[in-house]
Amino acid sequence: PTTCPVGGEQPLNHFGDLLREEIARAGYIEVLTHGLLSTHDNYTALRKEEDGLAVSLSNPANIEYEVIRTTLLPGLLKVLEHNKSASFSGGFKIFEISDVVLKDLEHVVTESIVGSKNSRRLAAVYAGPTAGFEIIHGLVDRVMCLSEVAPDEAYIKNSIKGDEEKYRVTREGLVYTIAEGSDPMFFQGRAADILMKRDGGEFKKIGSFGVVHPEVLKKFDIGYPASMLEINIEDLM
């Protein structure tokens with residue numbers, strides 16, 4: 001070639017690697033789960049209705065590989081299900097940063113319509129003697145701090161940190177807050193949505209977290225209370 005190209009890591013991959021290092025330092029163990037799921041695990045087991053966003057396999061090898069995951073949470077719950085022998089007395093913390101696949105007929109960037117897109121997500125779970133809602137909430141705030149997203153003024157007033165927030169390094173125009181959520185996989189009243197806005201625009205939901213509903217825990221045969229988080233990290237770029 002007439003020019004000398006310089007290779008480099010994609011910004012999203014680099015951002016994900018930096019988050020992995022920091023979350024691991026917070027005591028979480030990284031896992032890598034399978035990208036294929038049954039429709040039951042992707043929707044029914046999470047107390048959710050099918051939303052038409054899952055890409056289905058035309059000829060799945062078995063019932064466990066019916067659709068490509070639209071969320072990372074079932075994979076983490078299966079990790080807990082298959083590690084019952086591990087000690088939960090001090091809390092069991094795992095996380096994953098990986099892609100989900102969603103149907104998408106609008107944003108086509110190739111001549112052939114692929115009809116789907118990847119979305120990079122961060123998911124984490126804490127399970128132990130207590131539900132650990134405050135532990136997962138702390139991870140949310142840590143991720144937003146690392147991403148240089150400032151908390152909303154009302155959110156700061158509701159925090160015990162107070163004046164500490166004025167020393168936070170943030171990117172101009174990015175603000176987040178936490179609002180009461182209604183995701184059916186979480187316990188009612190113990191669920192929250194993560195909202196973020198850019199340059200004074202409207203708040204947009206980029207993730208959620210909460211205490212996992214007992215019915216969901218029963219579906220995955222998990223005997224300990226747990227709290228979970230899932231956030232779209234592409235929105236943090």
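What does the protein average in pLDDT, and what share of the residues score at least 70? The average pLDDT is 88, and 92% of the residues score at least 70. Here pLDDT is the predictor's confidence in each residue, on a scale from 0 to 100. This is a predicted model, in which local features need pLDDT of at least 70 and side-chain atom pairs count only at pLDDT 80 or more, while totals for chains, interfaces and linings use all residues. Residues are numbered from 1 along each chain as its sequence is written, and side-chain values use heavy atoms, with hydrogens and water left out.

Helices (H or I, at least four residues) and strands (E, at least two) are DSSP runs, numbered from the N terminus.

Start with the sheet. Eight strands form an open sheet with mixed pairing. Their order is β1-β4-β5-β10-β9-β8-β7-β6. Two strands pair if DSSP finds at least two bridges between them. The edge strands are β1 (29-30) and β6 (150-151), and each pairs on one side only. In a regular strand, side chains alternate between the two faces of the sheet.

β6 pairs with strand β7 (residues 174-180) in the parallel sense, over two bridges. Ala 150 has Val 175 of β7 as its bridge partner. Pro 151 stands opposite Tyr 176, also in β7. On to the next pairing: β7 and strand β8 (residues 186-198) run antiparallel over seven bridges. Glu 180 is bridged to Ala 192 in β8. β7 and β8 form a hairpin, with five residues between them.

How many of the seven residues of β7 are buried? Five of them are, so β7 is largely enclosed by the rest of the structure. Buried means under 20% relative accessible area, exposed means over 50%, and partly exposed lies in between (1.4 Å probe, protein chains only).

Two other buried residues are worth a look. His 213 sits in the loop between β9 (204-212) and α6 (214-219). His 213 counts as buried because its relative accessibility is 15%. Leaving out residues up to four places away in sequence, His 213 touches Arg 47, Pro 184, Met 185, Phe 186 and Phe 187. Contact here means heavy atoms within 4.5 Å. Gly 75 belongs to helix α3 (residues 73-81). At 11% relative accessibility, Gly 75 is buried too.

Turn to the charges. Side chains of opposite charge can pair when their charged atoms come close. A salt bridge is a side-chain nitrogen of Lys or Arg within 4 Å of a carboxyl oxygen of Asp or Glu. By this rule the count is 15.

One of them joins the side chains of Arg 142 and Glu 22, at 3.3 Å from N to O. This pair links distant parts of the chain, 120 residues apart: Arg 142 is in helix α4 (residues 133-146) and Glu 22 in helix α1 (residues 11-25). Arg 142 is partly exposed, at 38% relative accessibility. Glu 22 is partly exposed as well, at 25%.

Asp 99 and Arg 120 meet at 2.2 Å, N to O. Arg 120 is buried, at 15% relative accessibility.

Lys 204 forms a salt bridge with Asp 235, with the closest N and O atoms 3.3 Å apart. Lys 204 is in strand β9 and Asp 235 in the segment after β10, so the pair ties together parts 31 residues apart in sequence. Which of the two partners is buried and which is partly exposed? Lys 204 is partly exposed, at 47% relative accessibility. Asp 235 is buried, with a relative accessible area of 16%. Shared partners also build a network of salt bridges, which joins Glu 21, Glu 22, Arg 25 and Arg 142.

Charges also meet rings. A charge sits over a ring if NZ of Lys or CZ of Arg is within 6 Å of the ring centre and within 35 degrees of the ring normal. Lys 93 lies over the face of Tyr 28, 4.8 Å from the ring centre. The charged end of Arg 190 sits over the ring of Phe 133, at 4.6 Å from its centre.
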